[in-house]
Amino acid sequence: AEVVIVPDRTTAGALVADHIAAVIRRRPDAVLGLATGSTPLPVYAAMRERLADADVSRVRGFALDEYVGIDLAHPESYSSVIAREVVEPLGLDPDRILTPPAHDADLAGAGERYDAAIRAAGGVDVQLLGIGTDGHIGFNEPGSSFASRTRVKTLTRQTREDNARFFDSIDEVPRHCLTQGLGTILDARHLVLLAFGEGKAAAVAGAVEGPVSALLPGSAIQLHPHVTVVVDEAAASRLQ
Ligand code: F6R
């Protein structure tokens, strides 16, 4: 992977937003892979300025994951987050931006259909990724198969604790999610993994330099030919 160390998240956001804006100008129907959580927010904020005068009406997007068992209208459902942080501020067409349909009664079928929709769109051009403190990408928790496709996963206690900040209490954090698999993520043509802060340093070192292992799912990025890792000094602090 190409590792870019930046002074702060604003710089990271500007750098990645420049790249994505260039991709969209070159290819107005570009397919974006969208992450949620805190990490990509500076990218989305910076994209807003860069795309103000661009035609984004044909941009397509697929979110990485969605919680199972919360109301779609809940402000922390990833469908709500993507609408609020990405679709509305950037003026994208909501019909072209999908999140995994975690409210489908047939979840196994829903996962397969989501993968099929990504394939039908021609695959993801640029996939944004954050990383969990336990090394997950998407919500592929430790032990996830590198060949996995979009499916239901159980969130680890650590992930639920990390995400409790978005909810009133940890008991409200969903226990399951529908997430793109590692195999699904690896099909994207370019992976851009971002991480900020000391709390991500071990996961970043494991993903970039550690043994390729299902115990640290982020290490799957080492199997991909085109990866850019954008980190601040703190998140880079355990890299060799
Ligand atoms: C979110 C996702 C997760 C997060 C990760 C880091 O769509 O797939 O892998 O990227 O949990 O979360 P933050 O950015 O909130 O630290």
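Me: What makes two strands a pair here?
Reply: Two strands pair if DSSP finds at least two bridges between them, and strands (E, at least two residues) and helices (H or I, at least four) are DSSP runs, numbered from the N terminus. Strand 4 (residues 65–68) and strand 8 (residues 176–179) have four bridges, in the antiparallel sense. V68, for example, stands opposite H176 in strand 8.

Me: What kind of model is this, and how are residues numbered?
Reply: It is a predicted model, where local features need pLDDT of at least 70 and side-chain atom pairs count only at pLDDT 80 or more, while totals for chains, interfaces and linings use all residues. Residues are numbered from 1 along each chain as its sequence is written.

Me: How do you know that strand 7 pairs with strand 8?
Reply: Strand 7 (residues 151–154) and strand 8 share four bridges, again in the antiparallel sense. The bridge partner of R151 in strand 8 is T179.

Me: Why does the span of helix 4 agree with its 14 residues?
Reply: The expected span is 1.5 Å times one less than the number of residues. For helix 4 (residues 107–120) that gives 20 Å, and its end C-alpha atoms are 20 Å apart, so the two agree.

Me: Which residues of helix 4 are called buried?
Reply: Buried means 20 or more other C-beta atoms within 10 Å of the residue's own, exposed means 12 or fewer, and partly exposed lies in between, with C-beta atoms placed from the backbone. In helix 4, A110, G111, Y114, D115 and I118 are buried. The face turned away from that buried side carries exposed residues, including A108 and R119.
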